[in-house]
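Keep the sequence and the 3D view side by side as you read.

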Amino acid sequence: MMLRTLFNILGAVLVIQIVKASGHDDDVHTIQYTLDNFASEVAKKNHFVMFYAPWCGHCQRLAPTWEMLAEMLNEEEDSRVRIAKVDCTTDSSVCSDNDVTGYPTLKFFKTSESDGIKFRGTRDLPSLTAFINEQLGSIPTEHEINASIPEEVNGLIELTEESFNNHVASGHHFVKFYAPWCGHCQKLAPTWDELAKSHSHDTSVSISKVDCTQHRSVCEQFDIKGYPTLLWIENGKKIDKYSGQRSHEDLKEYVSKMTEKSADKIGDNDEAHDDVVQSVLTLNGESFEHGIEKGVSFIKFFAPWCGHCKRLAPTWEELGKKFIDNEKVNIVKIDCTLTLNTKLCSEQEVDGFPTIFLYKDGAKVSEYNGSRTLDDLYEFVTKHLQSHDEL
């Protein structure tokens, strides 16, 4: 009797250890669904769901990444996808209904469809985020259907990959880069139409828009990382990014300010704008090796929707300005959600956003885990630059 009791105690301890090892008990951001609420909740919003078993080793290894994904997406009010999980050892009928035959199984559920789409890629953060972007970009909405046909609104020009470069090659242009499924873009749409209409007879500026889900090469050319992005372009060159309020009056005031400034500006202003545009180098999977082969490269691997990345962005730009005249230093950013960069971010072992690595002459030498203030970042690069010069 005592022996049986001892075995029962040991068995209970073993189960507790397995559950703790899985990491799922610490998943405060991931939504846990059961048989009682799975179907009803998944029908309300797009979901990316992990079907798992607590004792599964692959599930345990994926758990921290899945939780990181949940922290970034479930905390955003306007997020169009929820990150969730289902324990197949306690809710086996949910898993069998969704054809789960191995652990973990990851499926993306669109509100418009009953069956989930199975994720078959590598289970790293860049691959998972690229998959989410791909699925969200393929979900038609009422706004997207309407936006796919250029609207005949006075003054508003719908630009494409074929027409964009010729259109912005000369003159002043205020361009909205957007995605039809983006909630903020949908809210801005009527105001943008109104802005275009109010400038329909103004020959000094054109108001236009580009759908980045249809014309990705244009948006990549201008390093568009979030929606909507509003750029002021003069003679084919990005001059400024608008970051103010998006009311009709605020936008009109900005257009007026920029056109007046353009009329009076001198060469010094052009140089200052150039610094803003070029202070941070953007690399991708194709340009990476060549871009870091010489000198010190300090690289931020990020995702546009990551809150920590958004907060770091202005500091990173300021850091770039500090080294803009130093040919031995490159301050770089790489968007891991772009298909072109998914493999690169995985190879560089990016396991969270933002991840910051320092490279010397093409070789990774250090990961930065310190404070993200401008002074601390600058000091870190300077220290490594000095040791580089001593070699």
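Start with Cys88, which has a relative accessibility of 5% and therefore counts as buried, since buried means under 20%. Please keep in mind that this is a predicted model. What is Cys88 joined to by a disulfide? Its partner is Cys95, with an S to S distance of 2.0 Å. Cys95 has a relative accessibility of 4%, so Cys95 is buried as well. Now look along the S-S bond of Cys88 and Cys95: the torsion there is about -95 degrees, so this disulfide is left-handed.

Next, move along to Cys212 and Cys219. These two form a disulfide in which the sulfur atoms are 2.0 Å apart, and both residues are buried. Because the torsion about the S-S bond of Cys212 and Cys219 is about -90 degrees, this disulfide is left-handed.

Then find Cys336 and Cys345, whose sulfur atoms lie 2.1 Å apart in another disulfide. Cys336 and Cys345 are buried, and their link is left-handed, with -90 degrees about the S-S bond.

How many disulfides does a search of the whole structure find? The search finds three. If you count the bonded cysteines along the protein chain, the disulfides follow the pattern 1-2, 3-4, 5-6.

Cys56 has a relative accessible area of 6%, so Cys56 is buried. Cys185 is buried too, because its relative accessible area is 2%.

Notes:
Residues are numbered from 1 along each chain as its sequence is written. This is a predicted model: local features need pLDDT of at least 70, side-chain atom pairs count only at pLDDT 80 or more; totals for chains, interfaces and linings use all residues. Side-chain values use heavy atoms; hydrogens and water are left out. A disulfide is a pair of cysteine sulfur atoms within 2.5 Å. Buried means under 20% relative accessible area, exposed over 50%, partly exposed in between (1.4 Å probe, protein chains only).
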